[in-house]
Amino acid sequence: MVRSLWTAATGMNGQQSNLDAISHNLSNVNTTGYKQQRVEFEDLMYQNLKLAGTPATEDTVTPVGIQQGSGVRVGATQRIFTQGSLQNTGVDTDVAIVGDGFFRVQQYDGSWAYTRDGSFKVDSNGQLVTSNGLRVMPEVIMPEGFDLRTLTISDSGRVSVKVWGGEDPVDVAQLELYRFPNSAGLKGEGDNLYKVTPASGEAIPGRPGFDGMGVTKHKFVEMSNVSVVNEMVQMIVAQRAYEFNSKAIQTTDSMLSTAVNLKR
């Protein structure tokens with residue numbers, strides 16, 4: 001009977017982790033380029049009291065065995081890379097990805113990171129950077145005397161801008177996107193960044209709109225793909241599952257109390 005106490009406790013711990021993930025999703029409902037997480041559960045090991053196929057008589061075997069489970073645990077937190085909705089910002093340096101792919105940025109230690117957040121800025125050197133000052137790679141450097149109001153980014157990632165006194169736009173750079181064999185295997189680093197892991201595979205570069213890559217949309221940003229309604233439903237399910245497991249603990253305690261009070 002004590003087993004049920006610990007089994008139900010694993011269920012309560014698991015639902016707490018589930019609620020943590022739901023809370024994280026809801027807190028990032030307005031985070032640009034955020035991708036929701038989903039908790040996946042797996043059952044714990046079993047105690048085999050009788051194995052299936054155990055001889056019952058000389059000619060027969062038991063068709064089923066006796067197994068007692070020991071609860072549940074979190075098996076994985078799956079990140080779901082579905083497309084988020086696009087928001088028209090009208091900002092000249094904003095760009096969204098529609099389809100597969102990530103922007104590459106260079107971190108302060110020289111390593112690469114990847115993001116879906118295209119709310120870029122132009123720094124004092126005329127270079128395209130993230131909100132935290134990380135450089136977009138390949139580098140996008142504006143020419144001297146550029147007019148930011150004339151900046152254009154095509155669906156294929158071609159960046160052009162006019163300079164003061166000029167009539168025709170000047171080609172500045174070609175944006176590249178990067179995709180992965182297993183995007184769900186990327187490691188979240190915070191600041192809307194992801195890092196490569198052995199599970200994700202190496203980054204595959206490509207031009208927007210070619211070889212399976214998404215396209216770039218100028219003056220748009222991709223919003224979070226979190227559905228508030230779905231998260232609220234998942235919260236209700238997690239709460240009820242938590243209550244079910246707490247009731248199992250209370251019932252076990254009541255049964256133990258009954259056994260203790262058999263003789264007074």
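How many salt bridges does a search of the whole structure find? I got 11 salt bridges, counting a side-chain nitrogen of Lys or Arg within 4 Å of a carboxyl oxygen of Asp or Glu.

Before going on, I noted that this is a predicted model, in which local features need pLDDT of at least 70, side-chain atom pairs count only at pLDDT 80 or more, and totals for chains, interfaces and linings use all residues. Residues are numbered from 1 along each chain as its sequence is written, and side-chain values use heavy atoms, with hydrogens and water left out.

Entry, glutamate 222 and lysine 35. I found a salt bridge between these side chains, 2.5 Å from N to O. Glutamate 222 is in strand 20 (residues 220-222) and lysine 35 is in the loop between helix 1 (2-27) and strand 1 (37-43), so the pair ties together parts 187 residues apart in sequence. Helices (H or I, at least four residues) and strands (E, at least two) are DSSP runs, numbered from the N terminus.

I then looked up exposure: buried means under 20% relative accessible area, exposed over 50%, partly exposed in between (1.4 Å probe, protein chains only). Glutamate 222 is buried at 0%, and lysine 35 is buried at 1%.

Entry, arginine 73 and glutamate 42. Their closest N and O atoms are 2.8 Å apart in a salt bridge. The pair links strand 4 (residues 72-79), which holds arginine 73, to strand 1, which holds glutamate 42, 31 residues apart. Arginine 73 is partly exposed at 46%, and glutamate 42 is partly exposed at 33%.
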